[in-house]
Amino acid sequence: TGLSNLHKFIIALSIIGAFALFDYQSVMGKIRRVELYNDMSGRLTSVRMSIDKLEYLIDIFVVSRSLEGTTVDIIKNDMNRLDKTITGLTGGQGHKALVKGDTVIIEALSTIVNDWQPIKNDIGRFNAAMDIEAIMLLHSEIDMNAIILSEKAESIIGIIDENRKDVIKDIKMTVLKSVIGFFAIILAGLAIIQVKALSPIQEAAEAARRISSGDLMARFGDKRAGLLSKLSSELNLALDYVNGTLAARDRAHGSLASSLRTSVNQIEAIGSVLGFAGMTLSKNEALQAALKEAVASGGASAATVYL
């Protein structure tokens, strides 16, 4: 047995819902990716600013020749905070999923972490007992490595920004495709409604118009499936019954009219015979006149009965 319209509707709705859920999950995944790009870009920007701040702090203490226990502790505390930030660039499941398969970002982040280690080690060598020449040499090395690290961080920020723009563009295209698909489904639904519902209704209206115009042979279309087809079949049966009733009535009317004509002819024949009999005294002539009227009104059989 075929599926009912309700079952077909539920199946179609389920398919549409599955596609909508897939698009939703796809868009949400891309939005999450944009959020991770924003977070990583923010972290790298924080690294650049922290490096510049640390470098500026070392410059002040070294140039002012005030590198002592307290200032060394300040520098190392900033270094430890920066170390946590840089180490966090390659940590976390979200960021691992973000850079998975992106060789450029993976290599760039690994380079930043590796380039940070010499700077960290050099800062760790600072102490108040060092002579000024050793401090200046160490300072120069830290400056050079910090500049390289800052430039690499800026380069990665640019790559991440481009990737983020691509994902945002992809989100827009996905949403646009979803909207187009939604309207396509609506148009397809309207077309199905036109074929399955409106067209049969229009055909039924045309059949009703023909019937009302006197075409009793017109019938409602009942070849399609559905309730309308069942209704059309019932209406066609009703029309067949009405046509049969009308045909029986016409036959009865015809039989009655024929009987009435015969009776009228017989009455007229009797009147004619009586009139002729009054005008003649000949028995043979009256008999011949009666025979003619019997034949005219009832045929040869009536004449035989008369005789």
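Among contacts in the protein chain between residues at least 6 apart in sequence, what percentage join residues at least 24 apart? After that, please go on to the core.

Author: The figure is 67%, counting contacts between residues at least 6 apart in sequence; a contact means heavy atoms within 4.5 Å. This is a predicted model, in which local features need pLDDT of at least 70 and side-chain atom pairs count only at pLDDT 80 or more, while totals for chains, interfaces and linings use all residues. Residues are numbered from 1 along each chain as its sequence is written, and side-chain values use heavy atoms, leaving out hydrogens and water.

The protein chain has seven helices and zero strands. Helices are DSSP runs of H or I with at least four residues, strands are runs of E with at least two, and both are numbered from the N terminus. Of the 307 residues in the chain, 26% are buried, meaning under 20% relative accessible area with a 1.4 Å probe and protein chains only.

Now the core. A nonpolar core is a set of buried Ala, Val, Leu, Ile, Met, Phe, Trp, Tyr and Cys residues joined through side-chain atoms within 4.5 Å. The largest one here has 38 residues, and those touching the most other members are Leu44, Ile58, Ile86, Ile112, Trp116, Ile123 and Phe126. Helices α1, α2 (69-87), α4 (103-124) and α5 each supply at least two residues of this core. The largest share, 12 residues, comes from α1.

Take Ile123 as an example. Leaving aside residues up to four places away in sequence, Ile123 touches Leu54, Ile58, Ile75, Lys76, Met79 and Ile142. His139 lies in helix α5. Is His139 buried or exposed? His139 counts as buried because its relative accessible area is 7%.

A pocket is an open set of points on a 1 Å grid over the protein atoms alone where a 1.4 Å probe fits, with protein on both sides within 12 Å along at least five of seven lines, and lining residues have an atom within 4 Å of a point. Its lining includes Ile16, Phe19, Val175 and Phe182. The elements giving two or more residues to this lining are α1 (5-63) and α5 (132-212).

Definitions and conventions
Buried < 20%, exposed > 50% of the residue type's maximum accessible area, 1.4 Å probe, protein only.
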